[in-house]
Amino acid sequence: MQRGLKAVTAAALSVALMAIAACSSGGGSGSGGDEGQDPATATGTLRVVVPNFPANNEGQAVFQGIVDIFHKTYPQMKVEPDFVPYDNLNEKISTSLAAGNNYDVVSAGVGWVQPLADLGAIQSLTKLGVKTEDLEKTVYPAFVPPMKYEDELYAVPVVANPRLLAYSKSAFTEAGLDPAKPPQSLDELREYAKKLTKRDAKGQITRTGFDFWAPASNYRQQFVAFMGAKGGQMFDADGQPAFDTDAGIQALQLVHDMVSVDKSSRYGYQNSAKTALVTTGEAAMGFASPYVDCSTGGDGIGAKCKDLVYFNLKDSKEVMYVGGRVAAVGDGTKYPQAALAFVKAMQDQKSQEAISKLDVGVPISSDAGDSAFVKSNPAGSFAWKNLDKAIFEYGGATFLDFRSKFGPSLDEVILGKKSPQDALKELDQVARK
């Protein structure tokens, strides 16, 4: 395989980052080092790449809020943002590195940390003084391993982006299911989905029994969630593939059965707004986001919020699939202290809440559960309380290259063109090349 990209309260961590900003030796390879500079008088321009921030008034306002927090410490530093889609992040970073003009701050997804570190796009935060034990005090410990490369921290989490499971109480009642008892296993999930599916006289689905909330070739996260419930995982602690197991086979077989055998779920279907169907009433059960607008105006779903119940599967292990946004210091930056201060600004509670709305996520800080933001949203409250059950999709330096092949391979199984055993065996061989 080609080498990947080469073809938390703000409390304890904030203290650590502020200390680093005051006395860091400026560590990463190629760092010019801004140690010894007074933040109040330091000048220069930080280049920050931020994927999937909309380049509209809302996105710019959220970014400006982060800049305003950063300017409390570095009032004279300029900040130059580069808003890009995730699809263009690889190209943007590679081009900047080739030109010798790497970004000072890099925001990306959880699965990007090891590939970016291997590429030389981000530098070790451990060498800059950020300690694992400090990070573990501010965020759920499960989020720390994905931030590491070769046993050193290379990024910090900013916002979590779980895929929750939810169902409609009224749909359960209508189907003769107990609305107080969610399915506990994958087998029960399948049976419930069949009972919850509604069809017209011609057999066409009028209400989906289970919504995977996934377009074609993008069932990876849902597969990881199902496999996790069976006790499996994508990669082991050493970055080796671990999905070609009974847990992986059973999880993928279930997705196929629900889509192609039971037809309780429509393959690749999304509504025009690409929102989770269970939140709109188009599905009785399915995956959903941790940020649901419960207001009665605009995009809010109003009273529908009270009809939704969130749950986790509990086969061999209780899990909740989680992605998320991270922040890192660019390797070679002339401003490591200022870059760390900007990372700190991204982790500020206000920033986390604002970014959560853009990312359809939930704050990562370990005390965010007491915030009005989390308490005001039943989906976010459930997600935050269950972050200790997080299961992730990441796997070493070559993960992004491998991931691009994984989705289409899952589709072959879902549509009955290949067996789960054959597909996972082939993918395992690809991952080991």
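1. Start with F63. In this predicted model, F63 has a relative accessible area of 5%. Buried means under 20%, so F63 counts as buried. You will find F63 in helix 2, which covers residues 57-71.

2. Now look across to F342, in helix 11 (residues 336-347). Is F342 buried or exposed? Its relative accessibility is 0%, so F342 is buried.

3. How do the two rings sit relative to each other? A pair of aromatic rings is described by the distance of the centres and the angle of the planes. For F63 and F342, the centres are 5.8 Å apart and the planes make an angle of 40°, which is a tilted pair. Because F63 belongs to helix 2 and F342 to helix 11, this pair ties together parts that are 279 residues apart in sequence.

4. F63 and F342 belong to a cluster linked by ring pairs, together with F53, F70, Y74 and F83. Across the model, the count of aromatic pairs comes to 30.

5. Which residues does F342 contact, once neighbours within four places in sequence are set aside? They are L46, V48, F63, I66, V67, F70, V79 and V105. F342 also stands out in the largest nonpolar core, which has 137 residues: F342 and F226 touch the most other members.

6. A second ring pair is worth a visit. F212 and Y219 have ring centres 5.5 Å apart and planes at 50°, so this pair is tilted. Both partners are buried: F212 has a relative accessibility of 1%, and Y219 has 2%.

7. Which ring does the charged end of R47 sit over? It is the ring of Y103, with the charged end of R47 4.3 Å from the ring centre. Elsewhere, R266 lies over the face of Y269, at 4.1 Å from the centre of that ring.

Note on methods
Residues are numbered from 1 along each chain as its sequence is written. This is a predicted model: local features need pLDDT of at least 70, side-chain atom pairs count only at pLDDT 80 or more; totals for chains, interfaces and linings use all residues. Side-chain values use heavy atoms; hydrogens and water are left out. A nonpolar core is a set of buried Ala, Val, Leu, Ile, Met, Phe, Trp, Tyr and Cys residues joined through side-chain atoms within 4.5 Å. Buried means under 20% relative accessible area, exposed over 50%, partly exposed in between (1.4 Å probe, protein chains only). Contact means heavy atoms within 4.5 Å. Rings of Phe, Tyr and Trp (its six-membered ring) pair if their centres lie within 6.5 Å; planes under 30 degrees apart count as stacked, over 60 as edge-to-face and the rest as tilted. Helices (H or I, at least four residues) and strands (E, at least two) are DSSP runs, numbered from the N terminus. A charge sits over a ring if NZ of Lys or CZ of Arg is within 6 Å of the ring centre and within 35 degrees of the ring normal.
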